[in-house]
Amino acid sequence: MSKKWFVVTGIVLILITAVASYGGGRRGNYLLSHFGAGRGAAQKHFSNNHPASKTDTPKTAPVGAKTPPNGPVGEPLPWTGDTRVEELKRMYKTPVLIAAYRASLPEPILAERFNIGLAADMLAGMIVMPGEVFSQNNRIGPYTKERGFKEGPMYSGSRIISSVGGGVCKIASLLYNVATLANLRIIERHPHSMTVPYVPPGQDATVAYGVYDFRFQNVNNGPILIWSKMVENTLYIAFYGQKQPPRVTWEHKTISRSPFWTETRHNPLLPPGTEKVVIPGQEGVVVHSWLVTELPDGTKNRQDLGTDFYHACPRVIEIGPKKQAEKPGQG
């Protein structure tokens, strides 16, 4: 077998061991994204249809612009000008981009990127009619080999394991963000037990076929067209409709944090005397979230989303073999 196979397998085993050492939670994690300000600080994440103030996080970021890779995004999108998309927009009279989001995968494991791309292809072109409830599991699942999915990372109990379809939770997280920014009704959403690197705490969603689903209802008077695409390591999801939604603002307040710890593992494949950080570690966090919707007349409505609890994840360091001392030179 190739050295690359051993490296990938070793990383997966280290991830499993690291997360298994923690007694609670059902999911592990990759590199933690920026949490924002300190304890008790409120954070804001805006929709992509109104200009932001100087202190606001930008709501619109055209592809290729110098902005954070994860967040709301506007035109142009990877499929802009695609005849398939344009034909569906004309057919269902959904010319307006009402919300879009993009997120990058830091370090794909096994077939994680493939699974996300396959799920994105299955999602693209979905039409959600007025009053209809969309279900990710019904649209994309079951996540089986028969449907083309491969082995990817999945969280089970307190471990990271290899499972067919691993990675499709990223679809759920982006759908949650886009549906929220589009001012649609969220019917079912479940958070991860640890934060994820591609959306802020409180804005993630997980799925498990037959157990957890992500569902939303189209409360608009017209249909919604969903398009999605995986471009290299970046996933894009967008909703098209007939008119812009009101401004929707995510707001979060960090209630508490818990520190992470460090674990070391021996890796004989590393050069002697070297070490490598496999997982940088992340704090646990408790975050309270709510939405503020601003109507055209200036009225603001607040919707409480409750509190999410995320466990800490250890910092894992691989250590290579000991470096042999050099023998003194002969005189």
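Biologist: Of the contacts in the protein between residues at least 6 apart in sequence, what share joins residues at least 24 apart?
Modeller: Among those contacts, 77% join residues at least 24 apart, where contact means heavy atoms within 4.5 Å. This is a predicted model, in which local features need pLDDT of at least 70 and side-chain atom pairs count only at pLDDT 80 or more, while totals for chains, interfaces and linings use all residues. Residues are numbered from 1 along each chain as its sequence is written, and side-chain values use heavy atoms, with hydrogens and water left out.

Biologist: What does the secondary structure come to?
Modeller: The protein has 5 helices and 17 strands, taken as DSSP runs numbered from the N terminus, with helices (H or I) of at least four residues and strands (E) of at least two.

Biologist: And how much of the protein is buried?
Modeller: Buried residues make up 50% of the 331 residues; buried means under 20% relative accessible area, exposed over 50%, and partly exposed in between, using a 1.4 Å probe and protein chains only.

Biologist: Let's take helix H3, then: where does H3 run, and what is its reach?
Modeller: H3 covers residues 112–123, and its 12 residues reach 17 Å from the first C-alpha to the last, close to the 16 Å expected at 1.5 Å a residue; that expected span is 1.5 Å times one less than the number of residues.

Biologist: Why is H3 described as largely enclosed by the rest of the structure?
Modeller: H3 is described that way because 9 of its 12 residues are buried, including Glu 112, Asn 115, Ile 116 and Leu 123. After the helix comes Gly 125, whose phi is positive, near 95 degrees.

Biologist: Switching to Asn 218: buried or exposed?
Modeller: Asn 218 counts as buried, at 1% relative accessibility, and its place is in the loop between strand E9 (215–217) and strand E10 (224–231).

Biologist: Which backbone oxygens does its side chain reach?
Modeller: The side chain of Asn 218 reaches the backbone oxygen of Val 128 at 2.9 Å, and one of its side-chain polar atoms lies 3.0 Å from the backbone oxygen of Gly 222. Leaving out residues up to four places away in sequence, Asn 218 also touches several residues, among them Met 129, Pro 130, Leu 184 and Ile 224.

Biologist: How many salt bridges does the structure hold?
Modeller: The structure holds 9 salt bridges, each being a side-chain nitrogen of Lys or Arg within 4 Å of a carboxyl oxygen of Asp or Glu. One of these joins Glu 188 and Arg 215, with the closest N and O atoms 3.0 Å apart. Glu 188 lies in strand E8 (residues 185–188) and Arg 215 in strand E9, so the pair ties together parts that are 27 residues apart in sequence.

Biologist: What about the accessibility of those two partners?
Modeller: Glu 188 counts as buried at 17% relative accessibility, whereas Arg 215 is partly exposed, with a relative accessible area of 28%.

Note on methods:
Polar contact = N/O pair within 3.5 Å; in protein donor to acceptor, adjacent residues only side chain to side chain.
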